[in-house]
Amino acid sequence: MTRRLSWFVILVMALGYLFLYGPIISLVFFSFNQSKLVTVWGGFSTQWYGALLNDNQVISAFFLSLKIAILSSTIATIIGTIAGYILARFGAFRGRTVLSGMVTAPLVMPEVITGLSMLLLFVTAADVIGWPEKRGFTTITIAHITFTLSYISVVMQSRFSTLDISLEEAAQDLGARPLKVFFVITLPIVAPAIVSGFLLGFTISIDDLVITSFTSGPGANTLPMVIFSKVRLGLNPEINALASLIIAVVA
């Protein structure tokens, strides 16, 4: 009975992994297809990688996404670390419930609602104070900071909650001021969590499509927006090549 169960488990696992990774393997395989038909093999070729590197629209969209992801993740990591520290260490204080709700709301809010609310905010601000004059890099970055901040705050709050506070107390007993304790003791210990939060925010930012579509403007197309627009016009082996490069970088 145990032998049969083990084979059944292995079979289910194999089918599960095939379901998850089969399409990815197929995508990489057909990125080297000479034919324009992405489902018909026409011979081995790397022409689509060359075409991709000469596609100015994709290249500019990639660098725009990269700049937005780096800037928004950096700012969100700084604010998220502070918010996580406050929620984990300051106990009950006036406004804690509001702060906690504001931090976690984007986690459960549909992206369509978040994107629409950000769009209405920017339109209203432009009418009232004249800023922003147009939607683009700045508005996308602000929107990405808003929703990546939630993920980073949760990560940092969890890390600060599990940190052994006796290490900080020992440093204070030896004469270190609270600010020095934070930068010399606390910050190096939680540094892996900070890096993890940054990478999480970076991944979410560079992958976002829905919120970016609401907050972008003419001439500000990120990589997911360009990919989505190209796919809508039909499958193109150039997109397979782009996806393969992204998979290679992630791997």
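**Exercise 1. Helix 4**

Find where helix 4 bends and which proline follows.

*Solution.* The model is predicted. Step 1: helix 4 covers residues 96–108, 13 residues in total. Step 2: its bend, about 30 degrees, sits at Met102. Step 4: check the span. From first C-alpha to last, helix 4 reaches 19 Å, close to the expected 18 Å.

**Exercise 2. The largest pocket**

State the volume of the largest pocket, then describe its lining.

*Solution.* Step 1: the volume is about 680 Å³. Step 2: 22 residues line this pocket, and Phe62, Ile206, Leu223, Ile246 and Val250 are the closest to its centre. Step 3: assign the lining to elements. Helix 2 (47–53), helix 3 (56–89), helix 8 (178–207), helix 10 (223–232) and helix 11 (237–250) each give two or more residues. Step 4: sort by class. The lining has 20 nonpolar residues, 1 polar and 1 charged.

**Exercise 3. The largest nonpolar core**

*Solution.* Step 1: the core holds 11 residues, among them Ala76, Ile145, Phe160, Phe182 and Ile194. Step 2: helix 6 (137–162) and helix 8 each contribute at least two.

**Exercise 4. Phe137**

Is Phe137 buried, exposed or partly exposed?

*Solution.* Step 1: Phe137 lies in helix 6. Step 2: its relative accessibility is 33%. Step 3: buried needs under 20% and exposed over 50%, so Phe137 is partly exposed. Asn33 is 104 residues away along the chain, and the two C-alpha atoms, of Phe137 and Asn33, are 35 Å apart.

Definitions and conventions:
Residues are numbered from 1 along each chain as its sequence is written. This is a predicted model: local features need pLDDT of at least 70, side-chain atom pairs count only at pLDDT 80 or more; totals for chains, interfaces and linings use all residues. Side-chain values use heavy atoms; hydrogens and water are left out. On a 1 Å grid over the protein atoms alone, a cavity is a set of points where a 1.4 Å probe fits but cannot get out, and a pocket is an open set with protein on both sides within 12 Å along at least five of seven lines; lining residues have an atom within 4 Å of a point. Grid points are joined across faces, edges and corners, and a volume is the space filled by probe spheres set on the points. Helices (H or I, at least four residues) and strands (E, at least two) are DSSP runs, numbered from the N terminus. Ala, Val, Leu, Ile, Met, Phe, Trp, Tyr, Cys and Pro count as nonpolar, Asp, Glu, Lys and Arg as charged, and the others, Gly among them, as polar. The expected span of a helix is 1.5 Å times one less than its number of residues. The bend at a residue is the angle between axes fitted to the seven residues ending there and the seven starting there. A nonpolar core is a set of buried Ala, Val, Leu, Ile, Met, Phe, Trp, Tyr and Cys residues joined through side-chain atoms within 4.5 Å. Buried means under 20% relative accessible area, exposed over 50%, partly exposed in between (1.4 Å probe, protein chains only).
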